[in-house]
Amino acid sequence: MTGPAQHDEEGEAHRVDAGGEGANGPRAHGAAKIAGGEVISEHQARVRRSYDVVTDAYTERVHDELRHKPLDRALLTAFAEQVRGEFGPHASVCDAGCGPGHVAAFLTGLGLAVTGIDLSPAMVDRARALHPELIFEVGTMTALEAADGRWQGLIAFYSIIHLTSDAEIRAALREFHRTVVDRGVLLVAVHLGELGDATVHADEMLGVGVDMDFRFFDAEWLVGEVRAAGFEVEARLVRAPYPDVEVQTTRVYLMARRVRGKERVGGMET
Ligand SMILES: C[S@@+](CC[C@H](N)C(=O)[O-])C[C@H]1O[C@@H](n2cnc3c(N)ncnc32)[C@H](O)[C@@H]1O
């Protein structure tokens, strides 16, 4: 990763192909047609192209990683237990920014009905191939296709890290609030910005050339945004990185619950 990048730009709008076109498809590497009418910014288009090309290396790196991450397994298990406790077995949850689907598969093993959504068609293809029993769709978490109240829970594991403008973070949190039912559970994981909020540019990931930005979060700021979006933050965990398993950054996890009528509208609570 190199140098600081723009932090507040929304970027030029592009359309995302939600039709599940594969990594080798004709439009996989260009911002192009849309099947669902979703619009993504220029930098989301770069994120999408980057994950399309790094899918093999990323999958190799993470498909088995939960075996080596006891705190992540514990949090996902707590998430599943809380969702099932509130809504019963087979409750529906969304894995937003699901990558190759290993977290979705873990949650499925805990009795949840999981739909994974990812910006990268290649990631979605890979997730479908690895976990044919699960549902995976191409889409952006800043404009979800799901109906209001569709999910009883939603996780975003290291995926809002690519939403580098505050406006995009707020758009995603608004979508989480819209698509999660009242008292539904939200679990978010991000990298901590040791010196506060920061964005870095990456031109290489796991030995593959990419062109995308990563955000490191000020935890207090994110807690404030999650609350402002209409969730009560019930738990937060900060953990050191596991050696030899993952990128050596401090991790932040927020567990929150949707509350009715608390979303921010133009700076005011309703
Ligand atoms: C660091 S990976 C994390 C994948 C997986 N959740 C995990 O824990 O390994 C980030 C994923 O988020 C996806 N992503 C990035 N921006 C997104 C967006 N706006 N909407 C949906 N997915 C997005 C990427 O395509 C990528 O698969």
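Author: Let's start with a term: a residue is buried if 20 or more other C-beta atoms lie within 10 Å of its own, exposed if 12 or fewer, and partly exposed in between, with C-beta atoms placed from the backbone. Bear in mind that this is a predicted model, where local features need pLDDT of at least 70, side-chain atom pairs count only at pLDDT 80 or more, and totals for chains, interfaces and linings use all residues. Residues are numbered from 1 along each chain as its sequence is written.

My pick is helix 4, residues 121-130. Helices (H or I, at least four residues) and strands (E, at least two) are DSSP runs, numbered from the N terminus. Seven of the ten residues in helix 4 are buried, so the rest of the structure largely encloses it. The buried ones are P121, A122, M123, V124, D125, R126 and A127. For the chain, 43% of the 270 residues count as buried.

So what does the covering? Helix 1, strand 5 and strand 6 are among the elements over those buried residues. Here, two residues are in contact if their C-beta atoms, placed from the backbone, lie within 7 Å.

Take helix 1 (42-62). Its axis and that of helix 4 are 7 Å apart, and the two pack at an angle of about 35°. Axes are lines fitted to C-alpha atoms, for helices over the stretch in contact, and angles run from 0 to 180 degrees between N-to-C directions. Helix 1 brings Y51, D52, T55 and T59 to the contact, while helix 4 brings P121, A122, M123 and R126. By type, that makes four nonpolar, two polar and two charged residues. Nonpolar means Ala, Val, Leu, Ile, Met, Phe, Trp, Tyr, Cys and Pro; Asp, Glu, Lys and Arg are charged, and the others, Gly among them, are polar.

Strand 5 (113-118), helix 4 and strand 6 form a right-handed β-α-β unit. Right-handed means that, with the strands pointing away from the viewer, the path from the first strand over the helix to the second runs clockwise. Strand 5 and strand 6 (residues 135-138) run parallel and are joined by four bridges; two strands pair if DSSP finds at least two. I117 has E137 of strand 6 as its bridge partner.
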